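Biologist: Please put the model up, and let us talk through its ligand site and its confidence.

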Amino acid sequence: MTVRTELRLLRMVVPYRGRLALALGTTALASLLDGFTLIILIPLLKHLFGTTGALRTGSTRLEEFVSRVTEPFVAGLTPGQAAGRLVLVLVLGLLLKNALSYASTQLSVGVQEGLVRDLRTRIFDHLLTLDLGYFQRTRAGQLISGMITEVDQTKTVITASLLSLFQNLVVVATTLVVLSQISLRLTLLTLACVPAMVLLLQSLLKRLRRHSRARTRERGEVTATIAERIGAVRLIRSYGEEARESARFAAQATRYRRQVIRTQRYSSLTSPLTEVFSGFLVILIIWAGTRPALIGLSAPLAPEAIIVFLMAALKLTSPLKTISSYPAVMAVTLASAERVFEILDEPSTELDRPGEGTARFEREVLFDRVSFRYGRGDPVLTEVSFALPRGRVVALVGPSGAGKTTLADLLPRFHDPTGGQITMDGVPLTRLTRSSIRALMGVVSQDTVLLNDTVYANITYGSPGATRQQVEAAAQAANADLFLSQLPEGYETLLGERGTRLSGGQRQRIAIARALLRDPPILILDEATSALDTESERLVQQAIDRLMADRTVLVIAHRLATVRDADEIVVLDQGRVVQRGTHEQLFRSGGLYRRLYDLQFRDQEPVLAVER
Ligand SMILES: Nc1ncnc2c1ncn2[C@@H]1O[C@H](COP(=O)(O)OP(=O)(O)OP(=O)(O)O)[C@@H](O)[C@H]1O
Ligand SMILES: [Mg+2]
């Protein structure tokens, strides 16, 4: 699981390999320069201490190594001049090293932000292909948190994992070379202590990973609560739930805090542990370095050798610390990455499958013993059969919860039947691409969905090629032109979050204009159950009547006028068709239709669904 997640993350970095290689290259160069300045330090110190002759390292290796490195800079100079030259080289080296580090940081920012962008757009695109049921199961806030916070966390894989790890490995390697030139035995002794450290850290990581995962979940819950409660601010106010909401949120924030503390307990522990460990190392080096017999040297090391060795050994501590904390950082990062991949791994149901054809509609849509259930729930539709011939209007009626909306959702393949089939001109819908089916359909739902964009953008949503005249004609047919002309900026007026700057009736008319503009051969209409005032109601109904004209319509009817005019009425009860026929036939034969009629339609009021 872990390895897989890491590999998948790395694969996301592949497009940036050029830039990343450059970043790694500059990093390596910077580290080499670092080691180089360290070596330059030896002759300088030697000069300052005034020691002459070979360093007492027990061998002449260091002497040879140092002179090989420094020779080009000091050849033919007096000792005094040489010292001056070495200082200059040191300063230049320092400047160059930092310039390179800066460049590498900038490069890595480019790579990691590229990764963030790619992951975000991938999740977004993926969400667009997921089953509707997924969005009903998942809190939107959890998805937002995944796309924002967790994706942001995963970029650490670039800074922490790739660059930092690499940089520190290079530092460690160059430093080890310097160290081993001073004293191989001392170096080996130093290195012998590392596995102990690694073992110690390992035990921390498992816990850290587990707590990081829990933290990721809690973070998503916090975001989800915020998003949902902001959307429900009217409800909270009307029912005076402020105090309880506040307490509930505080409790959640506290849970998150607790989880962060738990996680930090382990991740913060890595730092002091390595600190103590490096302190221990320094003492060990001084102690062993000054006792040559202990490590098998003939004489103690020269002071400059010990100083440089110590400096080098200390230089090791920071990279070693980073390398050793790398698994901890990665544990946190991977917990976030897991969440990201969890979303990306949701199966896409919306993608066209090979073999699916393009929908054509000339004759009729046929529901043939269609059954459906949500997930593993109880059947919502059972063996529903009826025909929707071209140019006809079929009205669905039935008590609330009968399955009307569910049935209408099967037509544009928002869900596929779990039994039976729906055919269009004889071809099962499941053998046709969703996009081609939906291109034939306009959907006007019970609750109108508007985006926080201009009126114009909302009407042309789904018809990007529409001309201004067409838009205005659609608005006019939808009885929206009058109120639109009264808006401060007309078609350019922004509608606010979910179109809340318009009244309910106005929103519906915008949605109708949108469907009119698209001009689909098939219309799926879920008549609004919410009563509008008489005037608004008349405008909306007139618009709907224009929309229904000359189209094949499946309408979930809540109006007497609609059922009267329908070519066929299908009466649903608990997911089964209990009656079929025209208004006159059904009215005469009594039964459920008659009871619904008495309750719903009698006063010609547009109200609706009755709980049974
Ligand atoms: N996403 C869902 N997951 C699980 N069950 C669902 C889901 N949507 C609807 N149901 C259930 O399916 C049944 C039919 O719901 P549906 O929305 O189709 O009824 P309806 O006839 O449109 O009712 P109304 O007239 O109130 O709109 C109900 O029992 C409902 O609880
Ligand atoms: Mg419904």
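Biologist: Which helix gives the most to the shell around ligand 1?
Modeller: This is a predicted model, where local features need pLDDT of at least 70, side-chain atom pairs count only at pLDDT 80 or more, and totals for chains, interfaces and linings use all residues. Residues are numbered from 1 along each chain, chains are lettered from A and ligands numbered from 1 in written order, and side-chain values use heavy atoms, without hydrogens and water. Helices are DSSP runs (H or I, at least four residues), numbered from the N terminus. With three residues, the top contributor is helix 14 (residues 404-410).

Biologist: Which side chain has a polar atom 2.6 Å from an oxygen atom of ligand 1?
Modeller: A polar contact is a pair of N or O atoms within 3.5 Å. The side chain at 2.6 Å belongs to T405.

Biologist: How much of ligand 1 does the protein bury?
Modeller: Areas follow the Shrake-Rupley method with a 1.4 Å probe. Alone, ligand 1 exposes 630 Å². The buried share is 62%.

Biologist: What is the mean pLDDT of the protein?
Modeller: pLDDT is the predictor's confidence in each residue, from 0 to 100. Where pLDDT is low, predicted coordinates should not be read in detail. Still, 92% of the residues reach 70 or more, and the mean is 84.

How values were computed
A polar contact is a pair of N or O atoms within 3.5 Å; within protein, one must be able to donate a hydrogen and the other to accept it, and residues adjacent in sequence count only if both atoms are side-chain atoms. Helices (H or I, at least four residues) and strands (E, at least two) are DSSP runs, numbered from the N terminus.
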